[in-house]
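Please look over the sequence and the structure before reading on.

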Amino acid sequence: MKDQTISKNISNTGKTELERLRQYFELVQSEGKIGIWDWDAATDRTYWSSAMWRFYGERPDSQNPDQIYWGDRLHPDDKERTIAKLDRTLASKRTDYTDVFRVVAKNGRVRSLESVAVIERDENG
């Protein structure tokens with residue numbers, strides 16, 4: 001019976017707690033000028049936080065910000081080098097990735113970004 005009460009309390013407060021954490025998450029990204037992204041290379045599905053969309057001068061929408069979408073927004077002088085570095089990293093056994101590159105927003109604004117990632121690999125690499 002005690003476990004059920006605990007479970008009920010968690011489910012009753014879960015939404016409020018989740019909303020509070022989401023607001024905190026947004027505040028940390030905004031104040032820290034950081035964005036969160038997650039790319040599943042196997043499925044080519046990508047998640048961008050709202051901060052990431054702002055960095056690229058875009059509104060969050062149903063568009064999947066996949067590798068092509070991202071590559072199309074790279075600064076022309078950085079595009080070849082940046083994509084090649086990502087490709088080399090993915091082809092290696094590395095579990096980390098760091099790069100600095102420029103992106104061009106819809107309005108033409110150029111912004112420098114630093115990308116830092118931890119690569120999670122399955123048993124096939």
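In strand β3 (residues 96-104) the side chains alternate between two faces. The model described here is predicted.

Strand β4 (residues 110-118) pairs with β3 in the antiparallel sense, over nine bridges. Within β4, Val116 is the bridge partner of Thr98. The two strands form a hairpin with five residues between them, and Gly108 in the turn has a positive phi of about 90°.

## Helix α4

Helix α4 (residues 76-91) has 16 residues, which at 1.5 Å a residue should span 22 Å. Its end C-alpha atoms are 23 Å apart, which agrees.

Asp78, Thr82, Leu86 and Thr89 are the buried residues of α4. They cover an arc of only 60° around the axis, so they lie on the same side of the helix. The face turned away from this buried side carries the exposed residues Pro76, Glu80, Arg88 and Ala91. Cover for the buried residues of α4 includes β1 (37-40), α3 (67-72) and β3.

## Salt bridges

The structure holds seven salt bridges. In one of them, the side chains of Arg102 and Asp78 meet at 2.9 Å, N to O. This pair links distant parts of the chain, with Arg102 in strand β3 and Asp78 in helix α4, 24 residues apart. Arg102 counts as partly exposed at 28% relative accessibility, and Asp78 counts as buried at 10%.

Glu58, Arg73 and Lys106 are linked in a network of salt bridges. The closest N and O atoms of Glu58 and Arg73 are 3.1 Å apart, and both residues are buried. Between Lys106 and Glu58 the closest N and O atoms are 3.8 Å apart. Lys106 lies in the loop between β3 and β4 and Glu58 in the loop between α2 and α3, so this pair ties together parts that are 48 residues apart in sequence. Lys106 counts as exposed, at 68% relative accessibility, whereas Glu58 is buried, with a relative accessible area of 11%.

## The whole chain

The chain has four helices and four strands, which run α-β-β-α-α-α-β-β from the N terminus on. Of its 125 residues, 26% are buried. The accessible surface comes to about 9,400 Å², and 52% of this belongs to carbon and sulfur atoms.

Key: Residues numbered from 1 in each chain as written. Predicted model: local features only at pLDDT ≥ 70, side-chain atom pairs only at ≥ 80, totals over all residues. Heavy atoms only, no water. Buried < 20%, exposed > 50% of the residue type's maximum accessible area, 1.4 Å probe, protein only. Pairing = 2+ DSSP bridges. Expected span 1.5 Å × (residues − 1). Arc of directions from axis to C-beta. Contact = heavy atoms within 4.5 Å. Areas by Shrake-Rupley, 256 points an atom, 1.4 Å probe, with all protein chains shown as cover. Salt bridge = Lys/Arg side-chain N within 4 Å of Asp/Glu carboxyl O.
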